[in-house]
Amino acid sequence: MPGDVEMKEQPAPSNSVTSTGPSTLQHLKEIASLIETGTYTREIRRIVRAVRLTIALRKKLTASVISAFMTYALTHGSEVHTRLSSYIPKDDEHEMEVDTATSAVQSPSKHSLPELEIYSYLLVLIFLIDQKRYNEAKVCASAGIARLKNLNRRTLDVLTSKLYFYYSLSYELTSDLAEIRGNLLALHRIATLRHDELGQETLLNLLLRNYLHYNLYDQAEKLRSKAPRFEAHSNQQFCRYLFYLGKIRTIQLEYTDAKESLLQAARKAPIAALGFRIQCTKWAVIVRLLLGEIPERTVFMQKGMEKALRPYFELTNAVRIGDLELFRTVAEKFSSTFSSDRTNNLIVRLRHNVIRTGLRNISISYSRISLADVAKKLRLDSANPVADAESIVAKAIRDGAIDATLDHANGWMVSKETGDIYSTNEPQIAFNSRIAFCLNMHNEAVRALRYPPNSNKEKESAEKRRERQQQEQELAKHIAEEDDDEF
């Protein structure tokens, strides 16, 4: 037993100094070599993998590790190295000396690739945001963006899109998002001229987020309608685009399109993006309620979402029952939550749906009921509830929400006998919508297919190309002669 205790305690001090720093630094060196290989071979997927590995190492980044990596990746004393080093604190001198010493031994050669330079900007920017040093992050991001304007390489597109994202995030965290709107528009124009499709999609989403942050929905829709078609080169960017599109459509009263976009965004989002899926679900629930649909209970019982969706569950219950008083209570109880989610204006619109749902329940329950009782059951709190009830019932009948008639002489609402729904076109409409949904999902899956570049395929020789072109010309001439003979 004493021997076991000594064996456990002996290696602990030596590993505590060298295990965390050098191991993370070694991972960063492997990422740098991956970026180098992807740059020289023009394989974008390697750079995508490098970015993904960096995000996985995000929690392990320290000032000493980043300083050692910049000494490894950048020329010491260069302008980029000096600028980036100024953002890194010099608080852990001993560990930094160990890291720089090991990096100097392992890799004496220096790299001058623009990809590694932009990657260093990205690494420092992520570190500053995680350390909540937002003002320094803004300065670092602006310097990186200024450097990007002089670079036009397709191998930089992935790193550039990430830098754009954190550039906008650093300004959003300091509530200065409006300052960079003009710069984002200029960057989007540059990305369009350079045919940087991933950059275009990222910047379009950032601009939409910028406009929606200040409730500028009309400007957002104008930009979206005039921007190039979204080709979905990145699933994350496509999910964000669908979410913003759903919000715009909701404000513009186009609830059917908004519902489709929001549900699609929630379905396509990664499982790990819990916060994003919660926001999509909140807006989708509101849109479905505005459409007159009642979401299933399972929507609110998804794993990890129960607590966040509780206010919307109670709101749905109030709409389902058609109780106007309960609806007011829920709206007041969770007013802070609805304000933070920016759904207050949409919930105000739901009042009419609550009244209509309550009226539908009344028409089903009673074959004939007085308008005074309708006003009492709907809990209308106006000066003349009977007249309001009469106008509400008349509008519901005109819109087709209820199948009833008004007896103005006696002040009654007379409901018609409920018929067989299978004798109408309702089942066919529901079946067609499901078929359209399945076909749309299939088409999107086909469009999302990606194939690796076929680099092993033999290039066509000049002689074979001449033979092929000659055969094509002869075939075209033969077809033209046959066409002339027909005339």
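User: Is Asp341 buried or exposed, and what is its relative accessible area?

Analyst: This is a predicted model, in which local features need pLDDT of at least 70, side-chain atom pairs count only at pLDDT 80 or more, and totals for chains, interfaces and linings use all residues. Residues are numbered from 1 along each chain as its sequence is written, and side-chain values use heavy atoms, with hydrogens and water left out. Buried means under 20% relative accessible area, exposed over 50%, and partly exposed in between, with a 1.4 Å probe and protein chains only. Asp341 is therefore buried, its relative accessible area being 9%.

User: Which residue forms a salt bridge with Asp341?

Analyst: A salt bridge is a side-chain nitrogen of Lys or Arg within 4 Å of a carboxyl oxygen of Asp or Glu. For Asp341, the closest N and O atoms of the pair are 3.0 Å apart, and the partner is Lys282.

User: Which helices does the pair of Asp341 and Lys282 link?

Analyst: Helices (H or I, at least four residues) and strands (E, at least two) are DSSP runs, numbered from the N terminus. The two residues are 59 residues apart, so the pair links distant parts of the chain. Lys282 is buried too, at 7%. Asp341 lies in helix H20 (residues 335-341) and Lys282 in helix H16 (residues 274-290), so the helices are H20 and H16.

User: How many residues apart are Glu117 and Arg147, which form a salt bridge?

Analyst: The closest N and O atoms of Glu117 and Arg147 are 2.5 Å apart. Glu117 belongs to helix H8 (residues 114-130) and Arg147 to helix H9 (residues 134-148), and the pair links distant parts of the chain. Glu117 is buried at 10%, whereas Arg147 is partly exposed at 26%. The separation in the chain is 30 residues.

User: What separates Glu314 and Arg310 within helix H18?

Analyst: The side chains of Glu314 and Arg310 meet in a salt bridge of 3.5 Å, N to O. Glu314 is buried at 18%, while Arg310 is partly exposed at 41%. Because the two are four residues apart in helix H18 (residues 310-321), their separation is about one helical turn.

User: How many salt bridges does the structure hold?

Analyst: The pairs Glu117 with Arg147 and Asp341 with Lys282 are among them. The total is 20 salt bridges.

User: What percentage of the residues in the protein chain is buried?

Analyst: The protein chain has 25 helices and three strands. In soluble globular proteins, nonpolar side chains tend to be buried together. Of the 487 residues in the protein chain, the buried share is 40%.
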